[in-house]
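The sequence and structure come next.

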Amino acid sequence: MSATLTAQAATRPGTREPVGIAIDTTFDDTSVAILRGRRELLANLTLSQYRDHAEFGGVVPERASRKHLEVIHPLLARALAQAGLGFGDLDYVAVSNLPGLLGSILVGLSVAKTLAYALGKPLIGINHIEAHPYANFLVHGELPFPLVHLVAAGGHTLLIHQHEHFRWEVIGRSVDDAAGECVDKVAKLFGHAMPGGPAVDALAMTHRPGPYAFPRPLLNDPGLDFSFSGLKTALLYFRRGQTGPIEEGPVLAAFFEAVVEVLVTKTLRAARRQGVSAVTVSGGLAASRRLRLAFERACAEAGLTLYYPPPALCTDNAAMVACLAAYRHAAGLHDDLALDGYANLSV
Ligand code: KG4
Ligand code: ZN
């Protein structure tokens, strides 16, 4: 299997705090993390499948499940070795059981259930979307509730209002494409490999938008929902309408500026409406330097505190899953072995 392996580990002298293992196979990344307490990350390994799907131009669900199956056991062994622990040292087993590709989720879920049963330890089901903002709790510590979270990932663009741990609601969502999906599709239109977000971000950091201006869908709509498919179509028609060479840098910078402006404006509107004093940004798009700069500026102006995780914890990872699981474990929120997997967020 061709794959990119990103690893992060940090060890501090042992404590008596519980140690949990977390598995995330919701989409096309296989990820395993081991966490002591709520913040001591002992291992965080992610195998990305992007190259395995390149020939198809997008993730093929059946292939994704098979790839998860190929690597999940070696990855578990490697994570334990990196943490210097054995299975017997684990106090609970966490797994993302929604939302995502059901076949992929079932791989992680089956492994997690087997582990929990064999070890006689609690199983904890985690909502992958709820977990994204926990990359911030992991690195920044306890954050001041209430909070507004923007989760801007490849498959989801959501605004979440969180009152306290485990109590939150979605207050805005994309009515069509997610922002990341839109960025990836436009990048592909310009010949960039999947995922195209980093390439578009790099161009947006080095070019000015010039004379190009693209639509900001729903920007002036008072609601908190997003729409990105019209913007993608605008780029498609723009590209088709160009007869001469295209100034790729300024065009993609202008496109990304539209995406960023919508995300920042709606997040700040949500913060104002909910009366919160802090916002977090997470999900793959939060790794964008251009997006971070725009958020930093806008939040400073609005007097809001801004939190975002390091890039490796913005894209899919099991460390954020482990962090949310640690909070659930401490609160005694465990699941039984009948835990199911779900493709959709709303179950
Ligand atoms: O959170 P994520 O890894 O996967 C999902 O949960 O869907 O997000 C993937 C998305 C892709 O659209 C990818 O292009 C984008 O995040 N992305 C970036 C960057 N790194 C990943 N977009 C802009 N700049 C980046 N540095
Ligand atoms: Zn995600």
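Which residues in helix 6 and helix 9 meet each other? The model is a predicted one. In helix 6 the residues are Ala-179, Cys-182, Val-183 and Val-186, and in helix 9 they are Leu-252, Phe-255, Phe-256, Val-259 and Leu-263. By class, this contact consists of 9 nonpolar residues, with no polar and no charged ones.

**Helix packing**

Two packed helices are described by the angle between their axes and by the distance between those axes. Helix 9 covers residues 248-274, and its axis comes within 11 Å of the axis of helix 6, crossing at roughly 175°. An angle over 145 degrees counts as roughly antiparallel, and helix 6 and helix 9 are therefore roughly antiparallel to each other.

Helix 6 (residues 179-189) also packs with helix 8 (residues 229-241): their axes come within 9 Å and cross at roughly 10°. Because of that angle, helix 6 is roughly parallel to helix 8. From helix 6, Cys-182, Lys-185, Val-186 and Leu-189 take part in this contact, and they meet Leu-231, Lys-232, Leu-235, Leu-236 and Arg-239 of helix 8. By class, the contact has 6 nonpolar and 3 charged residues, but no polar ones. Cys-182 and Val-186 are listed for the contact with helix 8 and also for the contact with helix 9.

**Ligand 1**

Which residues come nearest to ligand 1? Of the 19 residues around ligand 1, these are Gly-154, Asp-184, Gly-197, Gly-284 and Asp-316. Sorted by class, the shell around the ligand has 6 nonpolar, 10 polar and 3 charged residues. Helix 6 and helix 7 (197-206) each supply at least two residues of this shell. Helix 7 gives the most, with 3 residues.

| Residue | Protein atom | Distance to an oxygen atom of ligand 1 |
|---|---|---|
| Gly-155 | polar backbone atom | 3.0 Å |
| Asp-184 | polar side-chain atom | 2.6 Å |
| Asp-316 | N or O atom in the side chain | 2.9 Å |

How much of ligand 1 does the protein bury? Taken alone, ligand 1 exposes 560 Å², and the protein buries 90% of that.

Conventions
Residues are numbered from 1 along each chain as its sequence is written. Chains are lettered from A and ligands numbered from 1 in the order in which they are written. This is a predicted model: local features need pLDDT of at least 70, side-chain atom pairs count only at pLDDT 80 or more; totals for chains, interfaces and linings use all residues. Side-chain values use heavy atoms; hydrogens and water are left out. Axes are lines fitted to C-alpha atoms, for helices over the stretch in contact, and angles run from 0 to 180 degrees between N-to-C directions. Helices (H or I, at least four residues) and strands (E, at least two) are DSSP runs, numbered from the N terminus. Angles under 35 degrees count as roughly parallel, over 145 as roughly antiparallel, 65 to 115 as roughly perpendicular and the rest as oblique. Contact means heavy atoms within 4.5 Å. Ala, Val, Leu, Ile, Met, Phe, Trp, Tyr, Cys and Pro count as nonpolar, Asp, Glu, Lys and Arg as charged, and the others, Gly among them, as polar. A residue is near a molecule or strand if one of its heavy atoms lies within 4 Å of it. A polar contact is a pair of N or O atoms within 3.5 Å; within protein, one must be able to donate a hydrogen and the other to accept it, and residues adjacent in sequence count only if both atoms are side-chain atoms. Accessible areas come from the Shrake-Rupley method with a 1.4 Å probe; for residues, only the protein chains shown count as cover.
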